[in-house]
Amino acid sequence: MTMSWPASKNETRASADAILAAKGRSFHWARHLLGSVHAARATRLYGFCRLIDDLADSASSQDAARLDLSSAALAVTTGVSADPIISDMLDLMRECRIDPAIMLELIEGVTSDLETVRMENIDCLLRYCYRVAGTVGLMMCSVLDVDDPAALPHAVDLGIAMQLTNICRDIAEDAALGRRYLPASMIGDVSPDLLISPADGLRPHLRKCVADLLHLADRYYRSGELGLRYLPVRARSSIFVAARVYEAIGKELRRRDCAYWSGRVVLHGGIKAALTARALLSQVLRPSFWVSPQEYNAALHTAIVGLPCMAQVAGDDRAV
């Protein structure tokens with residue numbers, strides 16, 4: 001590994017909390033609504049997922065990043081690691097019975113960022129979102145002690161929705177890393193460097209692409225919220241607030257006419273407080289907070305059917 005790690009489990013978990021506060025501010029905000037056990041678990045999961053991201057983005061070279069990610073995948077497969085952060089994640093996986101295949105799919109998705117990232121179409125983008133974020137939704141079900149498998153497709157959808165929001169917000173930053181997640185089917189085979197500060201002629205196409213992707217994210221947010229009923233009551237509030245805060249990033253981007261190049265969208269504490277209050281006051285009136293959805297919209301998963309762990313989500317295997 002190319003990074004320096006904390007030395008003990010206590011230090012590892014304190015480090016995960018600090019990382020969540022610094023880099024996952026929306027999740028850190030919503031975490032306060034969870035019970036202590038679930039909050040601690042969610043923080044540990046976030047810390048590991050952030051580590052995997054950093055292995056891809058902060059390594060000294062692409063080869064070093066591949067080696068580190070391969071080592072992490074091997075540890076997940078064997079269940080053994082001398083690294084404190086990975087060892088703590090292995091403990092969490094055993095504690096919450098997280099299927100290693102889900103974690104391996106996440107690592108596979110992040111590893112794909114080391115290749116040439118040029119999404120061809122929406123289906124390619126949705127498959128990527130499933131790998132790097134839908135899988136996190138699945139793991140969160142285990143972390144939150146969700147025992148109804150009907151929750152799984154909704155958890156995947158909330159992860160996809162949040163990742164689509166991330167992609168729309170971070171187009172310029174990703175382009176600076178040589179990555180283009182905007183599908184060629186929507187904007188053409190545009191080079192990433194042209195997305196950092198796009199020319200006037202390109203901007204209308206980019207505005208429409210971002211607007212369409214945010215509209216797509218809305219569909220996945222709605223499906224994700226339909227799964228709240230399956231969560232423990234206290235966790236419903238936290239996940240609902242996290243979803244609304246994340247969705248608000250997209251709304252702010254829309255308010256800017258989808259001009260992502262005008263500056264990265266950041267929601268400040270006052271806005272988050274207002275969103276939280278509104279969400280908490282309105283949630284008890286929402287049927288999805290109390291009543292199970294009658295039927296899942298399987299069309300949302302057309303692009304990701306057949307991917308690893310999706311058999312569990314579809315009900316062919318309820319081992320999660």
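## Terms and basis

A polar contact is a pair of N or O atoms within 3.5 Å; within protein, one must be able to donate a hydrogen and the other to accept it, and residues adjacent in sequence count only if both atoms are side-chain atoms. Helices are DSSP runs of H or I with at least four residues, numbered from the N terminus.

The model is predicted: local features need pLDDT of at least 70, side-chain atom pairs count only at pLDDT 80 or more, and totals for chains, interfaces and linings use all residues. Numbering runs from 1 along each chain as its sequence is written, and side-chain values use heavy atoms, with hydrogens and water left out.

## Helix 7

Asn121 caps the N-terminal end of helix 7. One of its side-chain oxygens lies 3.2 Å from the backbone nitrogen of Asp123. Helix 7 covers residues 122–143, 22 residues in total.

Helix 7 bends by about 45° at Tyr130. The bend is the angle between axes fitted to the seven residues ending at a residue and the seven starting there. Buried means under 20% relative accessible area, exposed over 50%, and partly exposed in between, with a 1.4 Å probe and protein chains only. Asp145 follows helix 7 and has a positive phi, near 60°.

## Helix 3

Helix 3 spans residues 36–57. Its 22 residues should span 32 Å at 1.5 Å a residue; the end C-alpha atoms are 31 Å apart, which agrees. Helix 3 is mostly covered, with 16 of its 22 residues buried.

## Buried residues and their contacts

His154 sits in helix 8 (residues 152–169). His154 is buried at 3% relative accessible area. A polar atom of its side chain lies 2.7 Å from the backbone oxygen of Ser223.

Leu213 belongs to helix 12 (residues 203–226) and is buried at 1%. Its C-alpha atom is 11 Å from that of Met162, 51 residues apart along the chain. Ile98 lies in the loop between helix 5 (84–96) and helix 6 (100–111). At 5% relative accessibility, Ile98 is buried. Ile98 and Met140 are 42 residues apart in sequence, with 9.1 Å from C-alpha to C-alpha.

## Salt bridges

Side chains of opposite charge can pair when their charged atoms come close. A salt bridge here is a side-chain nitrogen of Lys or Arg within 4 Å of a carboxyl oxygen of Asp or Glu. The count comes to 23 salt bridges. One joins Lys208 and Asp212, with the closest N and O atoms 2.7 Å apart. These two are 4 residues apart in helix 12, so about one helical turn separates them. Lys208 is exposed at 52%, while Asp212 is partly exposed at 32%.

Arg203 pairs with Asp200 at 4.0 Å. Arg203 is partly exposed at 23%; Asp200 is exposed at 62%. Glu247 and Arg244 form a salt bridge at 3.7 Å. Both lie in helix 13 (residues 233–255), 3 residues apart. Glu247 is buried at 6%, and Arg244 is partly exposed at 22%. Elsewhere, salt bridges that share partners join Arg41, Arg44, Asp88, Glu95 and Asp145 into one network.

## Surface patch

Val233, Trp290 and Val291 make a nonpolar surface patch of about 290 Å². Patches are made of residues with over 30% relative accessible area and no salt bridge; like charges are joined within 9 Å, and nonpolar side chains (Val, Leu, Ile, Met, Phe, Trp, Tyr) within 5 Å. Areas come from the Shrake-Rupley method with a 1.4 Å probe, and for residues only the protein chains shown count as cover. Trp290 lies in helix 15 (residues 287–290) and is partly exposed at 43%.

How values were computed. Expected span 1.5 Å × (residues − 1).
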